Amino acid sequence: AQLDTIEALYFTYLLQCPSPTTCSYQSNFAFALAATFIFGRVAAFLKLEKRDSAWNRVFQQLTVQALSLNTGWAWASYCKVAVISAIEYEPKFTPLGMYAIFTGFSWVCMSVLHHRIEVERRAWDRQLKEEAEKSDIRLLP
């Protein structure tokens, strides 16, 4: 319901498109980027709150999960529209071929990003370990 409401506001009301798949890939990219930023901020804010009641903790967890799923669906919609647009631009590729190209490109980008994050994480862990050794603090494994 969250994503449907926001899509209706953005695509139907603001952009005058019947659905996200009928709008351009640029507008879908802008929507996915905005959803990532806004939903990420809201999820981070919700995670900071200390919930005492079990019902409130469950509400918090479900809301954070819903926000992350909405972000994923926004990016999936963008990818679908981008593939459709690419096929229209380059008709010699079949839809399966274009999806394979997009999947390969995404895999390479995610691999590079993951490697970079792991390098930074190891550097951070090493720095924490060195600081702990200097101050005689014992770190948990």
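I took helices as DSSP runs of H or I with at least four residues, numbered from the N terminus. The model is predicted, so I kept local features at pLDDT of at least 70 and side-chain atom pairs at pLDDT 80 or more, while totals for chains, interfaces and linings use all residues. Residues are numbered from 1 along each chain as its sequence is written, and side-chain values use heavy atoms, without hydrogens and water.

**Pocket**

I looked up the largest pocket next. A pocket here is an open set of points on a 1 Å grid over the protein atoms alone, where a 1.4 Å probe fits, with protein on both sides within 12 Å along at least five of seven lines. Lining residues have an atom within 4 Å of a point. Helix H3 (54-89) and helix H4 (95-135) each supply at least two lining residues. H4 gives the most, with six. Among the lining residues I noted Tyr 78, Phe 102 and Met 110. Cys 79 and Cys 109 also line this pocket.

**Cysteines**

I counted a disulfide as a pair of cysteine sulfur atoms within 2.5 Å. That gave one disulfide. It joins Cys 17 to Cys 23, S to S 1.8 Å. The S-S torsion is about 120°, so this disulfide is right-handed.

For accessibility I used a 1.4 Å probe and protein chains only: buried is under 20% relative accessible area, exposed over 50%, partly exposed in between. Cys 17 is buried at 12%, and Cys 23 is buried at 7%.

Cys 79 is partly exposed at 32%, and Cys 109 is partly exposed at 36%.
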